[in-house]
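Subject: Structure handover

Hello,

Here is the structure I promised you. Please open it first, then read my notes below.

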Amino acid sequence: MQNLETKNNLQDGLQLPLMEEFYTIQGEGNYTGTAAYFIRLGGCDVGCHWCDVKESWDEKLHPLTSVETIVSNAKQNGNLAVITGGEPLMWNLDKLTSALKSEGIQTNMETSGAYELSGIWDWICLSPKKTKLPTQSVYDAAHELKVVIYNHNDFKFAEEQAANVNDKAVLFLQPEWSKSEEMLPFIIEYVKNNPKWRISLQTHKFLNIP
Ligand SMILES: C[S@@+](CC[C@H](N)C(=O)[O-])C[C@H]1O[C@@H](n2cnc3c(N)ncnc32)[C@H](O)[C@@H]1O
Ligand SMILES: Nc1nc2[nH]cc(C(=O)O)c2c(=O)[nH]1
Ligand code: SF4
Ligand SMILES: [Mg+2]
């Protein structure tokens, strides 16, 4: 069982379950091609059957790490951090993001939006999931909506989500990796017929980088 101090530190966002950190190129969405330091937090209960980081789901497997340590690592690697997971909004991200920003590091996040928003963000990429829909706080704050297309029903889901998000958000359709070959022709036609959408590919997987 967690002791009281650990529980309080988590609640206050002074420590976070850290799965991995790596300096790479943002592969997806609006910032594709941009150097970014990825901070992947453990823990997710959204349960996407096609999730490409299932090892992140069990928060207990990932050591609680102080914000101080995470930020001092980030400082040595460029000027843009992407907080991802797992589902990062399971945690209080106020301390992490304010510490990153006070070091002059841009704060971007990848989230399903399934939990209330915390943190101070330069860019929020919302990738909503049917199994646990986003909270209003994240629909309102999202800069980017990135819907994963696994099958034909997902186009309808994408339109429903676009109607919920604020109207400044940039809209992306991203093929689920294992279905890319099958679904891309339909995604291409869809975007040609509905040009408010753009295509996002997981380019890091083609580049063979993390
Ligand atoms: C692993 S998730 C972590 C952040 C957060 N839990 C979320 O889902 O947005 C990062 C991004 O990868 C996408 N993703 C995960 N598995 C994928 C797959 N098999 N194919 C395409 N995109 C995938 C998610 O939709 C999300 O946009
Ligand atoms: N290069 C690279 N770009 C990414 N964009 C979103 C990712 C994620 O897993 O959140 C990701 C990732 O894991 N690697
Ligand atoms: S919400 Fe994100 S981390 Fe969680 S299962 Fe879905 S894709 Fe994976
Ligand atoms: Mg990934």
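Which exposed residues does the face of helix 5 turned away from its buried side carry? They are Asn 153, Lys 156 and Ala 163.

First, some ground rules. This is a predicted model, where local features need pLDDT of at least 70, side-chain atom pairs count only at pLDDT 80 or more, and totals for chains, interfaces and linings use all residues. Residues are numbered from 1 along each chain as its sequence is written, while chains are lettered from A and ligands numbered from 1 in the order in which they are written.

Back to helix 5. Helices (H or I, at least four residues) and strands (E, at least two) are DSSP runs, numbered from the N terminus. Helix 5 covers residues 153–164, twelve in number. From first C-alpha to last it reaches 17 Å, close to the expected 16 Å (1.5 Å times one less than the number of residues). Its buried residues are Asp 154, Ala 158 and Gln 161. They sit on the same side of helix 5, because their arc around the axis is only 70 degrees (taken from the directions from the helix axis to the C-beta atoms). An α-helix has 3.6 residues a turn, so residues three or four places apart point the same way. Strand 7 (144–149) and strand 8 (170–175) are among the elements that cover the buried residues of helix 5.

Next, the core. The largest nonpolar core has 45 residues (buried Ala, Val, Leu, Ile, Met, Phe, Trp, Tyr and Cys joined through C-beta atoms within 7 Å). Strand 2 (residues 35–41) gives the most to this core, five residues. Ile 39 is one of the residues with the most contacts inside the core. Beyond four places in sequence, Ile 39 is in contact (C-beta atoms, placed from the backbone, within 7 Å) with Glu 21, Ile 70, Ala 74, Ala 81 and Ile 83.

Now the cysteines. The UniProt annotation "binding site", from an unreviewed entry, covers Cys 44, Cys 48 and Cys 51. Such annotations use the numbering here, have shortened feature names, and may be inferred rather than shown by experiment. Is Cys 44 buried or exposed? Cys 44 is buried, because 24 other C-beta atoms lie within 10 Å. Cys 48 has 19 such neighbours, so it counts as partly exposed.

Best wishes

How values were computed: A residue is buried if 20 or more other C-beta atoms lie within 10 Å of its own, exposed if 12 or fewer, and partly exposed in between; C-beta atoms are placed from the backbone. Two residues are in contact if their C-beta atoms, placed from the backbone, lie within 7 Å.
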